[in-house]
Amino acid sequence: MGPINHLVERFIPSSLVFAIVLTLVVMVAALALTDAGPREVVTAWGDGLAGLLAFITQMALVLMLGHVLAHTGPVRTLLTGLARVPRGRVMPYVFVALVTCLATLVTWGLGLVVGALLAKEVAAQARLRGEKVHFPLLVATGYTGMSIWHMGYSGSAPLTAATEGSFVAQQVGHTIPITQTTFSWWNLTAAAVALLVILATVALMAPKSGADVVEMPEHQLETARPEWTVETPADAVDASRVTTTVLGLLVVAYLGLHFADGGTLTLDVVNWSFLGLVLLLVRNPFELVELVKDAASNVGEILLQFPLYAGIMGIMAGTGLIAVLSDAVVDTSTPQTFGLLAFLSAGLVNFFVPSGGGQIAVQGPILLDAAERLGVDPAVAIMAVSYGDQWTNMVQPFWALPLLAIAGLRIRDVLGYTTMILVTVGVVLAATMLLVGTGA
């Protein structure tokens with residue numbers, strides 16, 4: 001694990017630099033592989049920058065609302081209660097991994113924060129009992145959910161494909177319902193197997209009895225909740241639960257009507273469902289505002305980087321680079337191997353576009369075009385992007401940053417452990433895409 005940690009710390013730049021480098025790489029590729037000149041490439045890039053503004057807002061809300069939900073009082077109380085459950089040498093790590101993975105399958109924004117908070121709570125409860133747990137491994141297990149998140153409720157690629165008017169629906173000519181992607185029998189089976197593999201891998205990594213461990217620093221044991229004073233009538237309104245509860249009930253009523261009228265699951269519906277939960281769980285508007293302020297710091301990089309991904313998409317569409325790259329995929333694939341090769345390529349692209357939403361925007365058009373030409377179900381292309389994106393999250397530091405910030409650790413503290421998850425889960429994901437391609 002040491003050499004991997006050393007390599008990452010010294011040579012892997014920030015995700016923003018990745019996005020800038022990828023922009024330049026795509027520009028050079030467009031100049032080299034298409035008839036477009038510098039003027040056309042720059043124009044296509046600039047025209048594309050604003051091409052995903054609605055999508056950017058959706059992605060930012062997923063992360064922000066997940067962060068806020070995880071910090072509401074009832075959820076924090078639940079996490080504290082759960083943290084008292086695991087005992088012994090192995091179970092604390094397995095338990096954190098299990099809860100984190102289940103939370104992340106609901107929504108990645110929630111899972112990211114729950115993983116960090118639960119790891120800290122389990123470490124705190126163990127310290128109170130006089131038991132020693134290895135905090136870096138505990139935090140690493142709190143990140144394992146990001147290796148299967150795209151198979152769940154908040155998966156960006158499947159939800160985008162299911163959303164009317166999305167760029168995927170426009171390219172394919174119709175929406176792809178989540179019953180063919182997220183809720184397909186083979187994806188649900190793969191998610192269950194991957195979860196079991198994660199738990200087994202974590203159990204094997206648990207420190208042996210008597211081994212040296214790094215405990216959670218004592219100063220992290222206490223976490224303050226927002227407090228406020230009521231001095232004016234306006235303060236009394238801000239401190240009242242009535243307004244947030246009424247709005248939360250309205251959101252829930254809308255969602256009930258949406259599904260009763262035959263509405264489907266989309267990115268917006270996912271966000272409104274978590275908004276409704278947040279509004280019902282916070283104590284009042286004051287607490288909601290404070291939690292949103294705290295969550296906002298984690299949203300900034302999405303707002304900054306996603307226009308760059310949109311610009312890349314603009315270059316590929318505006319210069320014809322999509323068709324060139326699609327030709328390459330078609331030439332090296334068969335209908336049987338397409339899913340596997342698409343998955344592996346998506347895992348590589350995730351190093352440069354460390355966001356499922358950004359990745360489906362950049363790589364989706366290429367793989368969807370190739371799938372159509374090979375006669376492959378477009379749902380396979382969507383899930384290939386999903387699987388590849390989540391797979392290499394285990395060694396891509398971008399989404400680990402919020403978790404590490406909460407836990408007070410560095411990427412090198414956890415990377416050796418997450419790399420093992422990369423290997424074991426990768427086998428499950430690759431096998432799934434190969435079996436789907438062969439019709440097994």
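Guide: On a 1 Å grid over the protein atoms alone, a cavity is a set of points where a 1.4 Å probe fits but cannot get out; a pocket is an open set with protein on both sides within 12 Å along at least five of seven lines; lining residues have an atom within 4 Å of a point. The model is predicted, so local features need pLDDT of at least 70 and side-chain atom pairs pLDDT 80 or more, while totals for chains, interfaces and linings use all residues. Residues are numbered from 1 along each chain as its sequence is written, and side-chain values use heavy atoms, without hydrogens or water.

Visitor: How does the lining of the largest cavity divide by class?
Guide: About 50 Å³ of space lies in the largest cavity. Among its lining residues are Met59, Trp108, Ser355 and Asn393. The lining divides into 5 nonpolar, 5 polar and no charged.

Visitor: Which helix gives the largest share of the lining of the largest pocket?
Guide: The largest pocket holds about 540 Å³ of space. Of its 23 lining residues, those closest to the centre are Leu325, Ser345, Val349, Gln363 and Ile366. By class, the lining has 19 nonpolar, 4 polar and no charged residues. Helices (DSSP runs of H or I, at least four residues, numbered from the N terminus) H2, H17, H18 and H19 each supply at least two, and the largest share, 7 residues, comes from H18.

Visitor: Are H20 and H22 roughly parallel or roughly antiparallel?
Guide: Val380 and Trp391 of H20 and Leu422 and Val436 of H22 are among the residues in contact (heavy atoms within 4.5 Å). The contact has 8 nonpolar, 3 polar and no charged residues. The axes (lines fitted to C-alpha atoms over the stretch in contact, angles from 0 to 180 degrees between N-to-C directions) come within 10 Å and cross at roughly 170 degrees. Under 35 degrees counts as roughly parallel and over 145 as roughly antiparallel, so H20 and H22 are roughly antiparallel.

Key:
Parallel < 35°, antiparallel > 145°, perpendicular 65-115°, else oblique. Nonpolar A, V, L, I, M, F, W, Y, C, P; charged D, E, K, R; others polar. Points joined across faces, edges and corners; volume = space filled by probe spheres on them.
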